Amino acid sequence: MKSILRWWVVLGLVASSFAQTTNKRVTAKDVDELKNALSAQQRQIEQLRQQLAQRDQALQQQLQQIQQQSQAAANAAQAKADQAAQEASQQQQAVADLRTDVNDVKQNATNTALSLQETQKTIGDLGSPLAIHYKGVTITPGGFLAAETVWRQHALGADINTPFNTIPFSGATAAHMAEFFGSGRQSRISVLAEGKLSSTKLTGYLEADFLGAGVTSNNNESNSYVMRQRQVWGQAALSSGWTFTGGQMWSLATETKVGLDNRTEALPMTIDPQYQVGFSWERQWGFRVTRNFNNKFWFGFSAENPQITTGGSLVSGQNNFIIGSQGAGGGLYNATANYSWNAMPDLIFKLAAQPGWGHFEVFDVISDFRDRVFPCGGTILASGGVLPATTTCDGSTFPNSKGAYNNHAFGNGIGVNARGTLAQQHVDVGLHFLGGNGIGRYGTAQLPDVVIRPDGVLALPRNYQALATLEYHTKRMDVYAYVGGEYEQRAAFLSSTGKPAGYGSPLFDNTGCYGEAPPAATVTNVLTPTDTAGVAGSGTIPVPGAVGTPLTAGFNPAGPSHCSGQTRNVIEGTLGFWYRLYNGPKGRLQFGPQYSYIDRNTWSGMGATPNAIENMVLSSFRYYLP
């Protein structure tokens with residue numbers, strides 16, 4: 001731009017000089033003047049150039065100054081921005097630190113509060129612990145203390161536990177006298193121990209009451225009775241659903257409320273510890289294996305302690321079989337009780353289902369009954385104090401053991417249970433049934449398992465047990481109503497001499513069931529055959545009571561004579577309620593009455609078909625441990 005401007009000035013001067021010379025002649029002087037003019041113009045141009053250079057330099061300096069000022073301003077702005085950002089970051093960090101401090105304070109306050117609560121809870125637990133913690137095991141005590149009474153219209157000589165199969169006929173003195181007893185013997189103690197492993201829960205349970213009777217127990221002054229075991233068992237429950245339980249417990253035949261779990265048994269709410277006619281149960285040794293399938297279905301199997309109970313009547317002098325013996329004192333069994341020599345345990349299989357409403361069960365009970373039969377066994381009976389002439393059997397003097405053999409009879413019973421809840425969990429309804437051969441002892445009425453034929457072979461009568469239950473529950477009260485019955489089939493036989501035997505034979509003598517007899521004699525006169533055939537002697541012997549001890553005058557009521565009276569069925573209807581006076585952290589205090597009506601019917605015999613009725617009222621006042 002500068003060079004273009006310079007050439008335009010030179011061209012202008014030349015043109016001006018040329019224009020002037022064209023008008024006149026050019027002289028030396030003119031040339032000199034022109035040279036001088038050009039020199040002057042050259043100097044002017046140089047001055048202009050210098051001025052332009054100076055101006056450019058000034059402009060360059062100004063531009064540099066502006067750039068420097070702009071850079072300085074930008075640097076200053078960046079510095080301020082950096083400082084502001086740093087200050088903002090510091091402020092944010094300060095805010096974050098403050099928030100952290102506040103959160104820490106809150107957390108510390110929460111932890112302090114929780115720690116204080118735990119400390120208070122620990123102090124409270126030390127003052128009133130719900131359980132005892134010992135070496136990783138939780139031990140929970142339980143039970144109740146009871147004050148109970150029973151009144152019966154017809155005496156049974158029994159505490160609050162009712163022997164339903166002995167309700168007296170009117171020919172018995174007991175049928176003409178009522179009885180009242182007070183008792184604290186059903187008071188119960190229990191201990192539950194639980195420990196957890198990675199995939200297994202270990203449980204032990206002990207339960208006992210005071211309904212056992214020692215040889216010195218009586219109601220005279222101290223009313224001292226012995227403790228007895230109800231349940232003593234151990235259990236391993238695996239997370240896979242398998243459970244293994246062993247010890248004395250409720251039989252697998254007993255209905256449960258939850259799966260096949262121990263300690264969820266669906267027991268009648270009665271005060272009577274013999275429960276309700278029609279209820280099927282045992283408490284006995286067993287080893288049980290169960291499998292839980294997603295809390296919907298369960299399968300269980302158990303091997304349980306067997307025992308044979310007999311009933312009916314034998315032919316006079318029949319002594320041709322052995323089932324067991326009385327207990328051996330050295331073997332720690334009761335010397336006044338009979339124990340069968342069992343071939344194998346009872347086997348029980350059960351399926352349970354809880355499909356969404358209700359609880360349903362089906363089960364099977366299998367028993368092996370065994371006795372030893374002596375075809376040539378028996379008793380030599382004297383007639384009028386005179387021994388009969390010697391006889392033989394199988395070539396040897398009668399009686400003898402020739403041809404003795406073991407006989408087996410297999411019993412089987414099928415049972416079903418159904419239980420459900422209605423009216424928003426306030427009403428429980430249930431139905432139970434068990435039927436089969438040789439299952440009498442699994443019923444509350446304790447009808448016999450087996451009957452002995454005249455030849456010593458075991459017969460298994462058909463037995464049925466059924467129970468309907470209705471229960472109503474509120475916060476304060478439980479009301480219950482039960483109707484149940486048990487039936488024993490007739491099993492009648494004739495001996496080789498035409499004598500009736502077995503159970504419920506229509507040829508049995510029932511003519512004396514309604515006629516009262518005087519008190520039983522404490523001693524009886526007997527003819528005592530001598531060693532010499534045909535020669536008689538005489539004497540007296542004490543009349544033994546129920547456990548073999550002699551009768552005492554005044555405590556020797558007579559039973560009806562000529563009265564077989566073998567039970568066909570027993571039916572019981574029961575009403576009762578429990579009212580909770582207090583139910584809270586200090587335990588439970590409750591009171592309840594129970595009324596039962598029992599009807600005992602027999603098989604018809606010669607002369608009569610006797611019947612016995614019992615009205616019974618019980619009361620209970622209990623305090624349960626929390």
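This report walks through a predicted model of one protein chain, from its overall make-up to some of its individual residues.

## The chain as a whole

Let's start with the big picture. The chain has 626 residues, and 36% of them count as buried. Its secondary structure consists of 2 helices and 30 strands, so strands will come up again and again as we go.

How much area does the chain expose? The figure is about 34,900 Å², with carbon and sulfur atoms supplying 59% of it. Contacts also tell us how the chain folds back on itself: among those between residues at least 6 apart in sequence, 65% join residues at least 24 apart.

## A hairpin and its neighbour

Now find strands β8 (residues 283-293) and β9 (297-304). They run antiparallel and are joined by 8 bridges. Together they form a hairpin with 3 residues between the two strands. In that turn, Asn294 has a positive phi of about 60 degrees. Across the pairing, Asn292 stands opposite Trp298 in β9.

Strand β9 has another partner too. It runs antiparallel to β14, and 8 bridges join the two. Here you can look for Glu304, which stands opposite Asp346 in β14.

## A nonpolar patch on the surface

Which residues form the nonpolar patch on the surface? They are Phe293, Phe297, Phe299, Phe349, Leu351, Val362, Ile414, Val416, Phe433 and Tyr464, and together they have about 850 Å² of accessible area. Strands β9, β14 and β18 (405-422) each give two or more residues to this patch.

Take Phe299 as an example. This residue sits in strand β9 and counts as partly exposed because its relative accessibility is 35%.

## Ser280, a buried serine

Is Ser280 buried or exposed? With a relative accessible area of 1%, Ser280 is buried. Its place is in the loop between β7 (242-250) and β8. Leaving aside neighbours within four places in sequence, Ser280 is in contact with Ala253, Thr254, His432, Leu434, Tyr442 and Gln465.

The side chain of Ser280 makes a polar contact of 2.6 Å with the side chain of His432, and another of 2.5 Å with the side chain of Gln465. Ser280 can also be compared with Ser251: the two are 29 residues apart in sequence, with their C-alpha atoms 9.3 Å apart in space.

## Salt bridges inside the chain

How many salt bridges does a search of the whole structure find? The answer is 13. In one of them, Glu207 pairs with Arg230, and the closest N and O atoms are 2.8 Å apart. This pair links distant parts of the chain, with Glu207 in strand β5 and Arg230 in strand β6, 23 residues apart. Glu207 is buried at 7% relative accessible area, and Arg230 is buried at 1%. Both belong to a network of salt bridges that also includes Asp209 and Arg228.

Another salt bridge joins the side chains of Glu255 and Arg419, at 3.0 Å from N to O. Glu255 lies in the loop between β7 and β8 while Arg419 lies in strand β18, so this pair ties together parts that are 164 residues apart in sequence. Asp478 and Arg580 form a salt bridge as well, with their closest N and O atoms 2.6 Å apart. Because Asp478 is in strand β23 and Arg580 is in strand β28, this pair ties together parts 102 residues apart in sequence.

Most residues other than glycine have a negative phi, and most peptide bonds are trans. With that in mind, look at Lys135, whose phi is positive, near 50 degrees. Lys135 is in the loop between β1 and β2 and is exposed, with 73% relative accessible area. Gln425 also has a positive phi, of about 70 degrees. The place of Gln425 is in the loop between β18 and β19, and this residue is exposed at 61%.

Finally, the peptide bond from Phe398 to Pro399 is cis, with omega near -5 degrees. Pro399 lies in the loop between β17 and β18.

Definitions and conventions. Residues numbered from 1 in each chain as written. Predicted model: local features only at pLDDT ≥ 70, side-chain atom pairs only at ≥ 80, totals over all residues. Heavy atoms only, no water. Patch = residues over 30% accessible without salt bridge, like charges linked within 9 Å, V, L, I, M, F, W, Y side chains within 5 Å. Areas by Shrake-Rupley, 256 points an atom, 1.4 Å probe, with all protein chains shown as cover. Salt bridge = Lys/Arg side-chain N within 4 Å of Asp/Glu carboxyl O. Helix = DSSP H or I, 4+ residues; strand = E, 2+ residues; numbered from the N terminus. Buried < 20%, exposed > 50% of the residue type's maximum accessible area, 1.4 Å probe, protein only. Contact = heavy atoms within 4.5 Å. Pairing = 2+ DSSP bridges. Polar contact = N/O pair within 3.5 Å; in protein donor to acceptor, adjacent residues only side chain to side chain.
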